[in-house]
Amino acid sequence: MSGLTLATISHAFAGRRVLDTVSLVIRPGELVALVGPSGSGKSTLAAIAGGVLKPDRGRIMRRYARHGMVFQQARLLPWADARDNIGFPLQLAGMGAERIAARVQAAAEAVALRPDDLSKRPDALSGGMRARVAIARALVVEPDFLVFDEPFAALDPALRRRMQDLVLSLSGARGFGGLFITHDLFEAARLAHRIAVLDRQGRGITGSLTPPGAPGTRSEATIFGFVEKTRDDPLLRDLVNVDERALPLEGACDISGFRRCC
Amino acid sequence: MMRSMRFDPGLIRARQRERLAEWADMLPVLAGRAAWRIGPPLIGIALFLALWQAAHLQYGAFILPSPWQTVAATVTALSGLAGWAALGATLARVLLALGLSVVIGGGLGLLSGYVAVIRAILAPVAIILLGMPATAWVILTMIWFGPSHGAILFTIAIVTGPILYIGTVDAVRGRDRRLEDMAASFGASALARFHRVALRQILAALGPVIGIALALGFKVAIMAELVTNVAGLGAEMARARAQMDIDMALANVALAVIGLLLIEHLLIRPLQSRTGHWQRPDG
């Protein structure tokens, strides 16, 4: 079974400390949502968990064979069609063409991509289709752990809900664990076994909340009730009330990438 | 039953008629599109030739030969070995020098794009070189190397090199680094990230820069050949000027344009469409 431990992780960009001794344990098969206000270092932690960044200090213990990662904005190769985008991680691994084709087919079916969508380039796909391709690309490596970095933040509410349903059904069917970065409490309460809250200045995890029941079994009323109740929780004070104008200027999130983003 | 329907000659003929009717319906649309694509450039060319002819009628053949006279002189130039040799010599020099520029300017550009210190060191050098007039380089290389093949190659390379350098630096810095982060999350090494993700974007951005460098290289080659009198289209122009042969001078200009178009369409455009097709909406 899959699990991840991030122990006393610290990281700085250009001398500015973004994460300071952050520790988070994700148990095997557990999907943990990480919430926190803009500029708190959520995406940096996701990048560290996904192996994109090496932390300045701290240890990462991965108890799984392979992970996949789904990013905010699908990050598809613009010159490649959906089929090649999904197969990209396997091409990197040097897998043979026939095996890649079979795995791509299976991943595309898992996210309900139609065969005619597979020959389209990203600019010919809708936002929802691009998100599906990005999820299929993460699934194609047959991961036992998934890192989601606000993957549906740019989608409209109806589409976001469909994508959440897709994640729920996939995690139910495959039983992978994961880290889901979001600033949407409803999304966190819908998808995760547990919600971890990151300090507004990245100085550790301030606490965890556990919605009742298991993901996929919670009714809308349960989710709504949980969110309404936890809004007043002191843990979420910064998430609910933070004024982004009060953040230092260099803390403002830049979407151009991890090295330029917190 | 299905088989008999498939091979029914009447049905096949009906389908063929249907298809022909579809084509007939589409014909005006296709003709309109073709006219819209080809028409405006043809009008431009006709306007240019009309102005040329009008100027010829105004100033006479001694000052400006007619378009037809120029075509005839171009055909004459290409009917002998000398014309082809001059065109070939200039083309070969431009390609060789451009290759050198791509290797040196592009190589340094790649390095500078990735390493900030090298970029900071080379920035003023690139700006100085870019600001130097091409004519100055022609004179300097004449003094340094004498009127030689090497002098012309050096001149073309030193003029186009900084353009390729700056283009490459911009291409490296303007690439989408988030794609490399994505590749890193799937375990791509630094080398794999470069050649599978970054290089593709850099080459696509470099296509137009190489086109500009080629056009400039051609102009510089002809100018340098004209000054140094080393075999090529420029030297042929110098000879035509010395003999006051305006027909031949214009024929060499036409050959230079033909040479440029040949390289552009046989080399640069295919390269651009191979590396940058994904940047066009209909690519």
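Two strands are taken to pair if DSSP finds at least two bridges between them. The legends below apply to a predicted model.

**Figure 1. The hairpin of strands S1 and S2 in chain A.** Strand S1 (residues 4-13) and strand S2 (residues 16-26) of chain A pair in the antiparallel sense, with 7 bridges joining them. Leu4(A) has Ile26(A), in S2(A), as its bridge partner. There are 2 residues between the strands of this hairpin, and Ala14(A), in the turn, has a positive phi of about 50 degrees.

**Figure 2. The open sheet of chain A.** Strand S5 (67-70) and strand S9 (205-209) of chain A are the edge strands, each pairing on one side only. From one strand to the next, the twist averages 20 degrees. In general, the strands of a sheet pair through backbone hydrogen bonds, in either a parallel or an antiparallel sense.

**Figure 3. Strands S5 and S6 of chain A, with helix H4 across them.** S5(A) pairs with strand S6 (residues 145-149) of chain A in the parallel sense, over 4 bridges. Within this pair, Gly68(A) has Leu146(A) of S6(A) as its bridge partner. Helix H4 (residues 127-139) of chain A lies across both strands and runs at about 165 degrees to S5(A).

**Figure 4. The interface between domain 1 and domain 2 of chain A.** The domain assignment divides chain A into domain 1, which comprises 4-65 + 145-260, and domain 2, which comprises 82-143. The C-alpha centres of the two domains lie 25 Å apart. At the interface, 11 residues of domain 1 are in contact with 10 residues of domain 2. The size of an interface is often given as the accessible area lost when the parts come together. Here the two domains bury about 920 Å² between them, 76% of it on carbon and sulfur atoms. Met163(A), Leu166(A) and Arg174(A) supply 41% of the area that domain 1 of chain A buries against domain 2 of chain A, more than any other three residues.

**Figure 5. Helix H2 of chain B and its bend at Met26(B).** Helix H2 (residues 9-59) of chain B contains 51 residues. From its first C-alpha to its last, H2(B) reaches 69 Å, close to the 75 Å expected at 1.5 Å a residue. The helix bends by about 40 degrees at Met26(B), and a proline, Pro28(B), follows within four residues.

Terms used
Residues are numbered from 1 along each chain as its sequence is written. Chains are lettered from A and ligands numbered from 1 in the order in which they are written. This is a predicted model: local features need pLDDT of at least 70, side-chain atom pairs count only at pLDDT 80 or more; totals for chains, interfaces and linings use all residues. Side-chain values use heavy atoms; hydrogens and water are left out. Axes are lines fitted to C-alpha atoms, for helices over the stretch in contact, and angles run from 0 to 180 degrees between N-to-C directions. Contact means heavy atoms within 4.5 Å. The expected span of a helix is 1.5 Å times one less than its number of residues. The bend at a residue is the angle between axes fitted to the seven residues ending there and the seven starting there. Domain bounds come from an automatic or database domain assignment. Buried area is the accessible area (1.4 Å probe) that two parts lose on being put together, summed over both.
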